[in-house]
Amino acid sequence: MLQAEKWSIDSAIKDAKSITAQWNPSNLDLIDGVKVKEVKNVIKNNGFLTEIYRQDWELDNLTVDQIFQVSLLPGGISAWHAHEVTTDRIFVNTGLIKVVLYDARPESPTYGQINEFRCGAFRPMLIIVPPRIWHGVQNFTNEHAALLNIVDRAYQYDDPDHWRIPVNSPEIPYTFS
Ligand SMILES: Cc1cn([C@H]2C[C@H](O)[C@@H](COP(=O)(O)OP(=O)(O)O[C@H]3O[C@H](C)C(=O)[C@H](O)[C@H]3O)O2)c(=O)[nH]c1=O
């Protein structure tokens with residue numbers, strides 16, 4: 001931390017780099033297997049159109065078996081989740097949501113890594129979350145928010161492919177705030 005010279009207030013701290021010239025967070029090294037596709041809204045005379053998923057983006061070669069929406073009330077957090085075999089494809093379609101991923105796979109080259117994405121209609125993106133990646137989402141605004149999850153295996157009511165740990169678990173080095 002650099003201290004400001006005397007033209008400023010003594011306690012002032014200079015900003016560190018936080019973003020690249022492509023407006024990506026400067027510390028964002030993607031977890032192995034995670035893919036992100038940012039899309040652009042198409043502005044129309046009466047609104048805008050946003051593509052959410054296309055096979056020809058070639059982000060994966062999996063099926064689309066189900067699409068469900070998760071709504072989050074203001075401040076709502078849903079964490080932590082992991083699936084043994086299911087791939088999630090997460091797209092925030094309403095409001096703003098933080099999507100946080102954690103790699104707890106001991107054999108992974110990115111073991112121990114956290115990825116944090118802030119997504120929404122202002123910055124639409126599809127995030128491919130492979131199986132066994134812990135993930136959590138937070139609506140960090142005062143407005144309703146929602147995401148779509150486009151999964152390759154539909155939810156099995158009798159035997160959900162769903163593992164959980166509590167949001168404040170010390171086993172994941174991330175605190176939602
Ligand atoms: C996924 C699913 C769930 N349900 C039922 C099961 C529960 O009784 C209830 C809530 O589901 P769940 O506990 O899975 O919801 P969240 O804890 O918010 O988790 C969901 O949203 C976060 C962000 C994730 O990443 C999870 O993968 C996703 O499952 O809806 C269904 O009836 N159909 C379904 O397709």
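View 1. Trp80 lies in strand β5; strands here are DSSP runs of E with at least two residues, helices are runs of H or I with at least four, and both are numbered from the N terminus. What is the peptide bond from Ala79 to Trp80, cis or trans? That bond is cis, with omega near -10°. For background, most peptide bonds are trans. Keep in mind that this is a predicted model, where local features need pLDDT of at least 70, side-chain atom pairs count only at pLDDT 80 or more, and totals for chains, interfaces and linings use all residues. Residues are numbered from 1 along each chain as its sequence is written.

View 2. Of the 177 residues, 21% are buried, where buried means 20 or more other C-beta atoms within 10 Å of the residue's own, exposed means 12 or fewer, partly exposed is in between, and C-beta atoms are placed from the backbone. Two residues are in contact if their C-beta atoms, placed from the backbone, lie within 7 Å. Among contacts between residues at least 6 apart in sequence, 80% join residues at least 24 apart.

**View 3. The shell around the ligand.** Which residues are around the ligand? They are Phe68, Val70, Ser78, His81, Asp88, His135, Val137, Tyr155 and His162, picked by having a C-beta atom, placed from the backbone, within 6 Å of the ligand. The elements giving two or more residues to this shell are β4 (66-72), β5 (77-82) and β10 (133-138). By class, the shell has 4 nonpolar, 4 polar and 1 charged residues. Nonpolar covers Ala, Val, Leu, Ile, Met, Phe, Trp, Tyr, Cys and Pro, charged covers Asp, Glu, Lys and Arg, and the others, Gly among them, are polar.

**View 4. Partners of strand β11.** Strands pair if DSSP finds at least two bridges between them. β4 and β11 (residues 145-151) run antiparallel and are joined by 7 bridges, with Gln66 standing opposite Val151 in β11. Strand β6 (residues 88-94) is also antiparallel to β11, through 4 bridges. Here Thr94 has Ala146 in β11 as its bridge partner.

**View 5. The largest nonpolar core.** A nonpolar core is a set of buried Ala, Val, Leu, Ile, Met, Phe, Trp, Tyr and Cys residues joined through C-beta atoms within 7 Å. The largest one has 24 residues, and Ile97, Val99, Leu101 and Ile127 touch the most other members. The largest share, 5 residues, comes from β7. Zooming in on Leu101, its contacts include Ile31, Val34, Ile114 and Trp134, leaving aside residues up to four places away in sequence.

View 6. Most residues other than glycine have a negative phi. Trp23, in the segment before β1 (35-38), has a phi near 65°. Is Trp23 buried or exposed? Trp23 counts as exposed because it has 8 C-beta neighbours inside 10 Å. Arg132 sits in the loop between β9 (125-129) and β10, with a positive phi of about 75°. Arg132 has 16 other C-beta atoms within 10 Å, so it is partly exposed.
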